[in-house]
Amino acid sequence: MINGDFPNQIIFYAQNNQILEDFSNLLAKQLFCPKEQKDINCDCATCTRIEHIHDYINVGNFKDQIKKEEIKNIIKLFSRSALEKSAIKLYRIKGIENFNSFSANSLLKFLEEPPNNTFAILLTTNLEKVLPTIKSRCQIFFLEDKNNKKDVKDSNNIIDKLQQQFLKNLATNKDNNFILIRSIIAMKDFDSKDFLNKMLETFIESNFNNYEITLKALAELKRNQNVNLVMQKWILELT
Ligand SMILES: [Zn+2]
């Protein structure tokens, strides 16, 4: 399921904690749910008690300083269970701006050499305060406030319309998206990263396979300057 350059150390930032909580819970469910067909309303034993399952560690509360011991604890628990090769391990840190130099150093070492199949979901509402050394080891994604998004939709935002068209095409007439994306890229204030981020939020709820593909495309956009090429490849892989 998860392979290649799927980013496994991710910083999500958003304007409020709730968005971050909701989205990361969803992502955790998608990663751990044993069912073949992922469904956001899944009520399996894993999904219903996602915050308490083994191999998923939560640290931080968006307010208090993160202690060195808490990071050490993650490292200890994950190196112990590293023997189960295929099992996914995930840790989530709420408020990664709340590090002191001791706890940050422990985390940095872990981010540099993570054990196999280990995922880090790092959450913040204050990206500017996150240490640059942490940021540089992670993929960074901005999650939009859905309420604000509604306003944008009301004001007839063209990108939103194009996004809806894109999804419609994906369901009915896939190849039309090659043409659509070309015209979107040509638009004046178009930011392909914003577009992919929006799609990411749609896909995590509707199609986890496409979510992974989009996450990979976003990572590729950061390395590859050829936006057109990355986007075409992305469309080709979407299901
Ligand atoms: Zn499930």
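**Figure 1. Contact between helices α10 and α11.** Ile-213, Thr-214, Ala-217, Glu-220 and Leu-221 of helix α10 meet Val-227, Val-230, Trp-234 and Glu-237 of helix α11 in this close-up, which, like every view described here, is taken from a predicted model. Sorted by class, the residues of this contact comprise six nonpolar, one polar and two charged. Helix α10 covers residues 208-223 and helix α11 residues 227-237, and their axes come within 10 Å and cross at roughly 170°. Because angles over 145 degrees count as roughly antiparallel, α10 is roughly antiparallel to α11.

**Figure 2. Contact between helices α8 and α11.** Helix α11 also packs with α8, at an angle of about 150° and with the two axes 10 Å apart, which makes α8 roughly antiparallel to α11. The crossing of these two helices is right-handed. From α8, the residues Asn-177, Phe-178, Ile-181 and Ile-185 take part, and they meet Val-227, Asn-228, Met-231, Gln-232 and Ile-235 of α11. By class, this contact of α8 with α11 is made up of six nonpolar residues and three polar ones, with no charged residue. Val-227 of α11 belongs to this contact and is also listed in the contact of α10 with α11.

**Figure 3. Contact between helices α7 and α8.** Helix α7, at residues 158-172, packs with helix α8, at residues 176-185, at an angle of about 165°, and their axes are 9 Å apart; α7 is therefore roughly antiparallel to α8. Here α7 passes α8 in a left-handed crossing, whereas the crossing of α8 and α11 is right-handed. On the α7 side the contact involves Leu-162, Gln-165, Phe-166, Asn-169 and Leu-170, and on the α8 side Asn-176, Asn-177, Leu-180 and Ile-184. The residues in question divide into five nonpolar and four polar, and none is charged.

Figure 4. Ser-192 is placed in helix α9, which takes in residues 192-206. When residues up to four places away in sequence are left out, Ser-192 touches Ile-185, Leu-221, Val-227 and Met-231. Leu-218, at 26 residues from Ser-192 in sequence, lies 8.8 Å from it in space, C-alpha to C-alpha. Ser-192 counts as partly exposed because 18 C-beta neighbours fall inside 10 Å, whereas a buried residue would need 20 or more.

Figure 5. Five strands form an open sheet with parallel pairing, and their order is β2-β3-β4-β1-β5. The edges are formed by β2 (56-59) and β5 (139-143), each of which pairs on one side only, and from one strand to the next the twist averages 20°. Strand β3, at residues 89-94, is joined in parallel by six bridges to strand β4, at residues 118-124, and within this pairing Leu-90 has Phe-119 in β4 as its bridge partner. Strand β1, at residues 9-14, pairs with β4 over five bridges in the parallel sense, and β1 likewise pairs in parallel with β5 over five bridges. Tyr-13 has Thr-124 as its bridge partner in β4, and Tyr-13 also stands opposite Phe-142 in β5.

**Figure 6. Two residues with positive phi, Asp-55 and Phe-62.** Most residues other than glycine have a negative phi. Asp-55, however, has a positive phi near 70°, and Phe-62, also not a glycine, has a positive value of about 75°. Asp-55 is found in the loop between α2 (45-48) and β2, and Phe-62 in the loop between β2 and α3 (68-80). Asp-55 counts as partly exposed because it has 18 C-beta neighbours inside 10 Å, and Phe-62 is partly exposed with 18 other C-beta atoms within 10 Å.

**Figure 7. The protein as a whole, for orientation.** The secondary structure of the predicted model comes to 11 helices and five strands. Of the 239 residues, 28% count as buried. Among contacts between residues at least 6 apart in sequence, 71% join residues at least 24 apart.

Definitions and conventions: Residues numbered from 1 in each chain as written. Predicted model: local features only at pLDDT ≥ 70, side-chain atom pairs only at ≥ 80, totals over all residues. Helix = DSSP H or I, 4+ residues; strand = E, 2+ residues; numbered from the N terminus. Buried ≥ 20, exposed ≤ 12 C-beta atoms within 10 Å, placed from the backbone. Contact = placed C-beta atoms within 7 Å. Pairing = 2+ DSSP bridges. Axes fitted to C-alpha atoms, helices over the stretch in contact; angles between N-to-C directions. Parallel < 35°, antiparallel > 145°, perpendicular 65-115°, else oblique. Nonpolar A, V, L, I, M, F, W, Y, C, P; charged D, E, K, R; others polar. Left-handed = near helix turned anticlockwise from the far one by under 90°.
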